[in-house]
Amino acid sequence: MRILKKYLPILLVLCLSATVLSQSSDYCSVLKEALTFYKMNRAGRLPDNDIPWRGDSALADSSPSGKKDANGDGDLSGGYFDAGDGVKFGLPMTYSMTMLGWAYTEYESKIDGCGLTGLFQDTIKYGTDWIIAAHTGDNEFAAQVGDGNLDHSYWGPPENMTMERPTFMISADEPGTEVACEAASALAAASIVFKSANADYAATCLEHAKTLYNFGDTHRGVYSDVVTNAKSFYNSWSGYKDELVWGAIWLYKATEDETYLTKAQEYYTEFGVGTMAQSNSHDWDLKAPGCALLLSKIASNSSAAADFESWLKFWQPGGGVTYTPGGLAWIREWGPARYAATSAFLASLAGTDDGTKFTKAQISYILGDNPNKQSFVVGIGPNAPINPHHRAAHHSTTNDINNPVNNLYLLKGALVGGPGSDDAFKDDRTNYISNEVATDYNAGFVGAVASLC
């Protein structure tokens, strides 16, 4: 049985990779697997056994003054590990929940038609529960749990972690506007998601969102100047101006309070956010493209509409972004597939034939419709990766990235980083630039796939 269990993921991949997914493929099935990936990255005491090879982990994670629950677990034990590691990086985690909330609010009927409402809401709530727990005071938030350097020197499943896991806080005296405002955005989006299904929870999310946004706006500062441990992993390259606009937009969408919309439009102009979006990606660091898109829709802002149109044109063939010979919009080396997938999600909301065409083309490429017949989603499509850079799925008990040779468990539904600009790709666990997976990678991918369901 041990031998069969060990090689079962490989056998599954061979069966699942027989054909290239086409436009008539079951996108609902892809969406389900892309959401299930988040279960594989859960931390804390797991509420189910849906992923039998994952167990309880990081149970002692806590805020500085946090109290233990009835099980003796720390108040920050839940949430999601960032990528193939065991750190809870606050900026990409909150961004991922905002993006999932955005996808849900835009494509709720399609998600429901796939029978995935429950899974989608549970995926969001597991993250937003942690965000609420991390908001330990009006002007306090846990921006990171775990030392990135200590964590990345360990190669083993999170259930076996023994290293020290410090908690890095932001406060009025040591502000982190990006994280505070992104957390506000995530909770504001969640309040919309749960407004009908769980009104009390929606109200709780919204109250925290308002307070967090006020914290970020009133006490301004670059979060990675305070949480210096994040600099090597998630440095704030773009600063916090885009998050101030982004957070105000989401609070307006959740409250319909014109004060937030006025602030969003004023900041958008004052900070030059439309210019920030140009020739760039929408990602964990930069939300300027999404700001332009949402303002063009909710405020009929002609300037923002022109900014978004210009941004989308850049991503289309001949617009400026590099294209691989096989057709992937390739903006940079590290994780190009996640940028293309997220751009595909935003393009799906453009309401134009060009936008829809771009979305279908990029997702088709990612799922294996390319010259090399290479999928970039674990377990789905032809030649699907089986060795993503992911400690839990590899499951080494010897702290050795090369032992075992193949990942012990299949991380099905996870989007890997992607190919080089020449379409070349090797399923190599040690290459984290092309083979790592992450919660933010899948967030944009989920939205794009949902649009096609």
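**Aromatic pairs and a buried serine**

Tyr213 counts as buried, at 2% relative accessibility (buried is under 20% relative accessible area, exposed over 50% and partly exposed in between, with a 1.4 Å probe and protein chains only). The model is predicted, so local features need pLDDT of at least 70 and side-chain atom pairs count only at pLDDT 80 or more, while totals for chains, interfaces and linings use all residues. Residues are numbered from 1 along each chain as its sequence is written, and side-chain values use heavy atoms, with hydrogens and water left out.

**Aromatic pairs**

- The structure holds 23 aromatic pairs (rings of Phe, Tyr and Trp, the last by its six-membered ring, pair if their centres lie within 6.5 Å; planes under 30 degrees apart count as stacked, over 60 as edge-to-face and the rest as tilted).
- The rings of Tyr213 and Tyr260 are edge-to-face, because their centres are 6.3 Å apart and their planes stand at 80°.
- Tyr213 belongs to helix 8 (residues 199–218) and Tyr260 to helix 12 (residues 258–270), so this pair ties together parts 47 residues apart in sequence (helices are DSSP runs of H or I with at least four residues, strands runs of E with at least two, numbered from the N terminus).
- Tyr260 is also buried, at 15% relative accessibility.

**Ser396**

- Ser396, in the loop between helix 18 (391–394) and helix 19 (432–435), is buried, with a relative accessible area of 2%.
- Leaving aside neighbours within four places in sequence, Ser396 is in contact with residues including Trp155, Arg391 and Asn403 (contact means heavy atoms within 4.5 Å).
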